[in-house]
Amino acid sequence: MPITPTDKIWMNGELVPWDEARIHVLTHTLHYGTGVFEGIRAYETDRGPAVFRLTDHIERLFNSARIMLMEIPYTVDEIVQAVKETVRSTGLPSCYIRPLAIYGYGEMGLNTLPCKVDVSIACWPWGAYLGDDAVTKGVRMKVSSWTRHDHNTMPPLAKTTGNYVNSSLAKVEALKAGYDEAIMLNPEGLVSECTGENIFAARNGILVTPPLAAGALPGITQDSVTTIAHDHGFEVSVDNLSRSDLYICEEMFVCGTAAEVSAVNSVDDRVIPCPGPMTEVIAREYAHAVRGQVDKYKEWCEPV
Ligand code: PPE
């Protein structure tokens, strides 16, 4: 998806013009995939642009850094304020936000401990991630031939840049085969997540989503959707799913910051009723919640 430039990017404490946000080719993370990042969205609300669950995202960024033994030279609150400043500087009512902490220029070799840490925050307008029809018509999924990370190979709880090599391989494989998105199974063969979304599938009327132990990222949308589901009287269970559970599920959706709530219409060509009744309610309520239109979820929207 092409990027539409905005005015400024926050780099190590200051807003610099978009075209000047550059790094050296010998930047450590560029070679070894050791950076950590976040994906966040700001939406237009009646209190102006507001960032959805901003503090939760920045806390996850710091957790990713902890797993990598990376010292981010700012506090959570400083990065929260920097995100707000960056969004304000664009003047956009809504946008996608990409905070990134990398090991910078100055050291080579695999030891990250002596490397300096550079932090940047960019935002740009980003539309529907899995296509405009994702909510109504649903997306076609394919179980990937690529296995999701094991906890002792690439820690899946850390949102590292390197983890997305696996996601990109799976995404391109699915697209080339004519599907919209890939479902990743973990080394035990159980459903983990998609290349950039968490998964919910209904079994006996209960929405089941795989546990973190299955190798999924602790999704903030997954958490929001769980709250919304409970508030609508839908039961949610964190449990393992096999690929056959998906083939015979009653309804299914995937969710993430970029993809929001996207209904699934088939998995490996096994047709799934779409959009399912719970999916429809949850997708609609999520779309309202992120825009600050639901009183009980208003604290999720952090005005800039
Ligand atoms: N799993 C993965 C692997 C993942 O990348 C994401 C977000 C999620 C689950 C859902 O997490 P959350 O956004 O907190 O609900 N994927 C981000 C990156 C997409 C990209 O192409 O880059 C996103 O949705 O922003």
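Leu-110 sits in the loop between strand S6 (95-103) and strand S7 (117-124). This model is predicted. Is Leu-110 buried or exposed? Its relative accessibility is 66%, so Leu-110 counts as exposed. The cut-off for exposed is over 50%.

Now turn to the charged side chains. The whole structure holds 11 salt bridges. One of them joins Arg-148 and Glu-193, at 3.0 Å from N to O. This pair links distant parts of the chain, 45 residues apart. Arg-148 is in the loop between strand S8 (139-147) and helix H4 (164-176), while Glu-193 is in strand S10. Buried means under 20% relative accessible area. Arg-148 has 6%, so this residue is buried. Glu-193 has 5% and is buried too.

Next, look at helix H6 (residues 243-247), where Asp-245 lies. Asp-245 forms a salt bridge with Arg-203, and their closest N and O atoms are 3.2 Å apart. Arg-203 belongs to strand S11, so the pair ties together parts that are 42 residues apart in sequence. Asp-245 is buried at 18%, whereas Arg-203 is partly exposed at 27%.

Helix H6 also contains Arg-243. The side chain of Arg-243 meets that of Asp-268 in a salt bridge of 3.1 Å, N to O. Asp-268 lies in the loop between strand S15 (260-267) and strand S16 (270-271). The two residues are 25 residues apart. Arg-243 is partly exposed, at 35%, but Asp-268 is buried, at 9%.

Finally, a network of salt bridges links Arg-53, Asp-56 and Asp-223.

Terms used: Residues are numbered from 1 along each chain as its sequence is written. This is a predicted model: local features need pLDDT of at least 70, side-chain atom pairs count only at pLDDT 80 or more; totals for chains, interfaces and linings use all residues. Side-chain values use heavy atoms; hydrogens and water are left out. Helices (H or I, at least four residues) and strands (E, at least two) are DSSP runs, numbered from the N terminus. Buried means under 20% relative accessible area, exposed over 50%, partly exposed in between (1.4 Å probe, protein chains only). A salt bridge is a side-chain nitrogen of Lys or Arg within 4 Å of a carboxyl oxygen of Asp or Glu.
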